[in-house]
Amino acid sequence: MPDRYTVRCDGEVVLEIVDEPGALVSLSAGPPPPGSTSPPHAFLSGTAYVVTEEHSLRQILLASSSTADYIERLRAKGYEVVEKPPPGAAPAPSSGPEPAPRRGLGRLFGRHSG
Amino acid sequence: MGTSHSQTEADKAEVAGRPNAAPAVATLPAMVLRTQATAGNKAATALARTLPVQRHAPGPTTAPGQPIGEAGVTQIIGQGVAAAVSLGEGHASAEEQHGAASPKIRPDAPSGAPPPPSSTGGVLSRIGGALRRSGSAIASGARAVGGGLVRAGRNVPGAIARAQAIALIKIDIVDNGAPGAARARTYINEIFLSSSLANLQAMRGKTIEFNIIPLGTKLTELAPFTSLAGTKTFDGRLWDDVRGIWMSAGAKTVRFAVGVEDLGTGSLSDYGPGFVAAHEGGHGLHLGHGLTKAQKTAITTAYTARKAAHDVTQTTPATDAAQAFWLQPQWYSAANENEYFASSVAAWFGYSYGKDEESRLRYTKSWLKDNDRPMYKILKPIYG
């Protein structure tokens with residue numbers, strides 16, 4: 001079972017990642033159009049939850065060489081990264097039961113790295 | 001400048017225009033109720049004006065044997081409706097009780113009103129009966145009045161509760177000068193306002209904002225999304241070019257934007273008609289606090305089991321048997337429980353991902369029933 005991580009910003013879940021190659025998904029944007037191709041990412045899969053954080057999360061990912069490197073870079077940017085229990089396991093006390101409600105555009109791009 | 005179509009009574013009464021579409025069931029009962037009650041009152045009023053009606057139903061203001069007049073007839077009907085509402089509250093279903101508490105409608109009943117009869121139909125039948133006994137010349141008309149009230153009475157509690165819940169959800173359609181506001185309203189009616197009472201109550205106080213992206217206009221040219229200009233989604237698409245988005249905007253607003261070409265009115269989209277709106281609406285219902293905690297837990301359970309049994313990724317061969325267990329694009333629906341649910345909502349309403357036959361055959365309620373029973377069992381109580 002690959003390791004899974006929850007990424008938070010100010011306590012709000014902004015990203016969930018799995019340490020295995022797979023799909024990058026933006027929960028806010030619609031599915032890719034029929035006929036389009038979307039190759040799996042080289043070393044992780046993940047779902048981004050917050051519109052206003054997606055660009056920053058992608059920029060950090062593009063600069064990363066592995067999941068461990070990505071996590072380190074996320075932490076350096078101020079994100080909280082917590083390992084998540086596998087599906088069906090009891091949640092760790094620090095991981096919380098579910099993603100927090102997403103907030104709006106008020107703090108748009110506050111953490112974007114450009 | 002675009003037009004903001006805020007919720008009106010006419011909006012609420014709008015019925016889906018899509019062929020084979022279910023009517024806007026959330027609003028129709030209230031509309032029917034209003035019409036029938038008005039007809040009943042008018043008939044009763046006319047009755048009182050033409051004949052000295054003997055009161056046979058108990059009441060506080062008229063002694064037996066005296067004409068009750070227009071006010072009296074209206075009062076009897078009011079008592080009947082009040083009793084029906086009271087009974088309805090007492091007999092609220094488990095589902096209705098599951099949702100958040102909402103203010104009760106309890107029409108003022110005169111002091112000394114009779115104890116509630118044993119059934120809603122009984123109350124209203126008695127009203128009809130009283131009217132029938134008032135004179136053979138108007139017997140057929142009175143029967144029609146009584147029958148109409150009985151039929152209306154059966155739906156009174158649920159219709160009132162739904163109308164209450166819907167009244168507490170604000171709908172704001174911003175067309176940005178593009179056509180399609182009626183279609184947008186249809187999707188909102190289906191995805192949000194046709195949901196169960198518990199779900200409607202979960203959306204209490206929320207605003208559903210639906211922005212239409214005109215042809216030739218970028219998402220990031222619309223006021224709520226200008227700050228996204230030049231930035232990318234997590235999967236690498238420019239937000240400027242994205243034609244479907246949902247997001248929370250503050251604690252109480254669920255905000256959408258959908259390209260006008262994806263509203264099902266033209267052939268300029270590669271998606272099936274209505275898919276983007278329905279899919280994004282499914283996200284809005286799921287993550288915009290339109291589901292109960294139990295429903296969210298059930299989605300997690302269903303997804304986890306399906307993923308474990310029939311996992312599909314972008315590298316899974318198209319011929320792999322697991323592909324048959326997910327809605328298209330399979331890898332996307334299998335990516336997380338949110339996409340799994342959102343596409344299932346689109347399937348429930350028959351809005352297919354693509355225009356091809358395979359997609360149209362899979363994005364149906366019957367496919368869910370036959371091929372994804374756990375999800376069917378989640379959606380059935382929500383949409384009936």
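**Figure 1. Helix 7 of chain B meets helix 9 of chain B in the predicted model.** From helix 7 of chain B, the residues B:Tyr187, B:Ile191 and B:Phe192 are in contact with B:Ala277, B:Ala278, B:Gly281, B:Gly282 and B:Leu285 of helix 9 of chain B. Sorted by class, this contact holds six nonpolar residues, two polar residues and no charged residues. Helix 7 spans residues 181–193 and helix 9 spans residues 275–287. The two helices pack at an angle of about 40°, and their axes are 10 Å apart. The crossing of helix 7 of chain B with helix 9 of chain B is right-handed.

**Figure 2. Helix 7 of chain B is largely enclosed by the rest of the structure.** How many of the 13 residues of this helix are buried? The number is 12, and helix 7 of chain B is therefore largely enclosed. Among the buried residues are B:Arg183, B:Arg185 and B:Glu190, together with B:Ala181, B:Ala184 and B:Leu193. B:Tyr187, B:Ile191 and B:Phe192, which meet helix 9 of chain B, are also buried. An α-helix has 3.6 residues a turn, so residues three or four places apart point the same way.

Figure 3. Four residues lie between the two strands of the hairpin, where B:Gly250 takes a positive phi near 80°.

**Figure 4. Five strands of chain A form an open sheet.** The strands follow the order 3-4-2-1-5, and their pairing is mixed. Which strands stand at the edges of the sheet? They are strand 3 and strand 5 (80–84) of chain A; each has a single partner strand, so one side of each is left without a neighbour in the sheet. From one strand to the next, the twist averages 20°. Strand 3 and strand 4 of chain A pair in the parallel sense over three bridges. Within strand 4 of chain A, A:Gly46 is the bridge partner of A:Leu24.

**Figure 5. Chain A and chain B touch through residues of both chains.** The contact takes 33 residues from chain A and 37 residues from chain B. On the side of chain A that touches chain B, strand 3 (24–26), strand 4 (45–48) and helix 1 (51–62) each supply at least two residues. Helix 1 of chain A gives the most, with five residues. By class, this side of chain A has 18 nonpolar, 11 polar and four charged residues. The model scores ipTM 0.82 and pTM 0.68.

**Figure 6. Chain B contains 15 helices and five strands.** Of the 384 residues in chain B, 47% are buried. Among contacts in chain B with a separation of 6 or more, 68% join residues 24 or more positions apart. The mean pLDDT of chain B is 74, and 60% of its residues reach 70 or more. Over residues 8–118 of chain B, the pLDDT is below 50; this stretch has 180 contacts in the model beyond near neighbours in sequence.

Terms used
Residues numbered from 1 in each chain as written. Chains lettered and ligands numbered in written order. Predicted model: local features only at pLDDT ≥ 70, side-chain atom pairs only at ≥ 80, totals over all residues. Axes fitted to C-alpha atoms, helices over the stretch in contact; angles between N-to-C directions. Left-handed = near helix turned anticlockwise from the far one by under 90°. Contact = placed C-beta atoms within 7 Å. Nonpolar A, V, L, I, M, F, W, Y, C, P; charged D, E, K, R; others polar. Pairing = 2+ DSSP bridges. Buried ≥ 20, exposed ≤ 12 C-beta atoms within 10 Å, placed from the backbone. pLDDT = per-residue confidence, 0-100.
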